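Here are my notes on the model you asked about. Keep the 3D view open while you read, and click on each residue as it comes up.

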Amino acid sequence: LVCPAQTSSLRYKTTQFIKEPIFRMTDMKNFTMTIIGAGVIGTSVGLALKREPSPPYLLIHDQEFELSKTAVSKKAFDKAEWNLINACEQADLILLAIPLDGIYPTLKAIAPYLKNGVVISDTTPNKIVVLAYAQELLPDHAHFIGGNPIVHPMGTGSQQANAHLFRECLYCLTPSSSANEQAIALMVGIVRLLGANPFFMDAAEHDGLVTAVEQLPTILSIALLNSLSGQSSWREMRKMAGGLFQQVSAGANGTPESIQKSCYGSGETLIHWLNRYIEQLNRLRFLLESGAESGEPLLEEIDHAIVERHNWLVDYQKNGFVDPELLSPTVESPSFMKRWLGVGR
């Protein structure tokens with residue numbers, strides 16, 4: 001794993017597009033995209049693609065079939081398929097919009113039934129682990145491209161889904177070594193249709209950076225909740241908890257198994273950042289114990305944090321993390337689907 005503290009700068013990567021499509025098709029329903037997971041990410045993908053003049057034929061599968069039917073009722077998909085194999089065996093593109101703990105069993109289940117040339121992607125923040133799963137389980141004729149949309153939905157349920165969730169956001173892509181050029185181009189085009197900006201990264205670098213801003217806050221949320229809820233005053237204390245507590249504790253959300261896998265998958269990098277965080281806590285405790293007479297250092301620490309958060313928030317809201325010269329070319333819609341249909345054939 002790459003420790004982000006040792007990474008001097010982000011390495012933006014682009015992909016080489018093929019100059020001519022393999023062949024053209026005009027019937028969009030001959031291209032099938034299946035999304036596994038009817039949560040906020042999966043449903044938002046369906047809603048975004050359905051806004052296109054000529055969208056692909058969209059299937060949705062979720063372990064809870066009622067969620068799939070709800071997603072169809074929102075007009076995000078053409079059909080809800082209760083059987084996982086039926087949902088995937090005719091798909092040209094499969095998106096796994098599910099937690100990390102569901103990736104391995106899902107890939108294992110669908111691997112023997114995949115269409116020749118199928119492109120598969122995911123949306124988890126753990127690229128090294130998922131790419132290893134794909135290499136172990138998928139047949140040679142399948143092309144896996146790891147994905148991680150950097151979005152911030154208001155919740156995890158499909159009721160929070162919207163067609164504009166990905167607009168102007170970075171969408172990280174980490175292709176497997178076996179993914180061919182056409183498959184990568186197809187995924188880039190889908191990302192563009194979502195309104196996002198494709199952002200190519202090495203899997204190790206991606207995971208090292210994400211650990212600091214995803215896994216570390218998750219651990220901090222768990223520590224906060226366990227520290228407070230273990231006190232006898234928690235019953236009354238929780239009545240005082242408002243918006244700030246909700247924000248800081250937001251990382252303690254999801255399935256325990258998925259969070260556990262993510263933490264173990266981060267390995268030494270997460271331990272590195274925990275040590276750095278503990279150093280900061282110890283420094284702040286020392287400054288507090290020193291009292292008001294040495295208040296200037298504490299003031300400097302607080303001021304630095306406020307400024308850094310403000311600068312980050314401004315860049316985030318203005319999409320200031322994107323270098324236009326290093327992004328993939330804009331895909332013209334709806335011609336994209338016509339150009340790249342049949343990539344696996």
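1. Start with the overall picture. This is a predicted model, and its chain has 12 helices and 8 strands. Of the 345 residues in the chain, 44% are buried. Have a look at the contacts too: among those with a separation of 6 or more, 76% are between residues 24 or more positions apart.

2. Now go inside. The largest nonpolar core has 41 residues, and the ones with the most contacts inside it are M33, I35, V45, I145, F166, Y171 and L173. Which elements each supply at least two residues of this core? They are the strands β1 (32-36), β2 (57-61), β4 (93-96) and β7 (170-175), together with the helices α1 and α6 (181-193). The largest share, 8 residues, comes from α6. Apart from this core lies another one, of 24 residues, and I36, A91, V129 and A203 are among them.

3. Pick F166 if you want to see what a core residue touches. Leaving out residues up to four places away in sequence, F166 touches I41, S44, V45, P149, V151, L194, G195 and A196. V45 is also on the list of residues with the most contacts inside the largest core.

4. Helix α6 deserves a point of its own. It has 13 residues and reaches 18 Å from its first C-alpha to its last, close to the 18 Å expected at 1.5 Å a residue. Is α6 largely enclosed or left open by the rest of the structure? It is largely enclosed, because 12 of its 13 residues are buried. The buried ones run from Q182 through to L193, and they include R192 as well as residues such as I184, L186 and V188.

5. Check both ends of α6 while you are there. N180 caps the N-terminal end, with a side-chain oxygen 3.3 Å from the backbone nitrogen of Q182. Just after α6, G195 takes a positive phi of about 90°. G195 is also one of the residues that F166 touches.

6. Next, the charged pairs. The count comes to 8 salt bridges. One of them joins the side chains of D78 and K50, with N and O 2.7 Å apart. What does this pair tie together? D78 lies in the loop between α2 (65-73) and β3 (79-80), while K50 is in helix α1 (residues 40-50), so the pair links parts that are 28 residues apart in sequence. D78 is partly exposed at 34% relative accessibility, and K50 is partly exposed as well, at 24%.

7. Compare that with K69 and E66. Their closest N and O atoms are 3.0 Å apart in a salt bridge, and both residues lie in helix α2, 3 residues apart, about one turn of the helix. K69 is partly exposed, with a relative accessible area of 39%, whereas E66 is exposed, at 52%.

8. A further salt bridge is between K79 and E81, where the closest N and O atoms are 3.7 Å apart. Look at how the two partners sit: K79 is partly exposed at 38% relative accessibility, but E81 is buried at 10%.

9. How many disulfides does the structure hold? It holds 0. C88 is buried, with a relative accessible area of 1%, and C169 is buried too, at 11%.

10. Last stop: S262, which sits in helix α10 (residues 256-290). Is S262 buried or exposed? It is buried, with a relative accessible area of 8%. A polar contact of 3.1 Å joins its side chain to that of N126. Setting aside neighbours within four places in sequence, S262 is in contact with L100, N126 and Q215.

Conventions
Residues are numbered from 1 along each chain as its sequence is written. This is a predicted model: local features need pLDDT of at least 70, side-chain atom pairs count only at pLDDT 80 or more; totals for chains, interfaces and linings use all residues. Side-chain values use heavy atoms; hydrogens and water are left out. A salt bridge is a side-chain nitrogen of Lys or Arg within 4 Å of a carboxyl oxygen of Asp or Glu. Helices (H or I, at least four residues) and strands (E, at least two) are DSSP runs, numbered from the N terminus. Buried means under 20% relative accessible area, exposed over 50%, partly exposed in between (1.4 Å probe, protein chains only). A nonpolar core is a set of buried Ala, Val, Leu, Ile, Met, Phe, Trp, Tyr and Cys residues joined through side-chain atoms within 4.5 Å. Contact means heavy atoms within 4.5 Å. The expected span of a helix is 1.5 Å times one less than its number of residues. A polar contact is a pair of N or O atoms within 3.5 Å; within protein, one must be able to donate a hydrogen and the other to accept it, and residues adjacent in sequence count only if both atoms are side-chain atoms. A disulfide is a pair of cysteine sulfur atoms within 2.5 Å.
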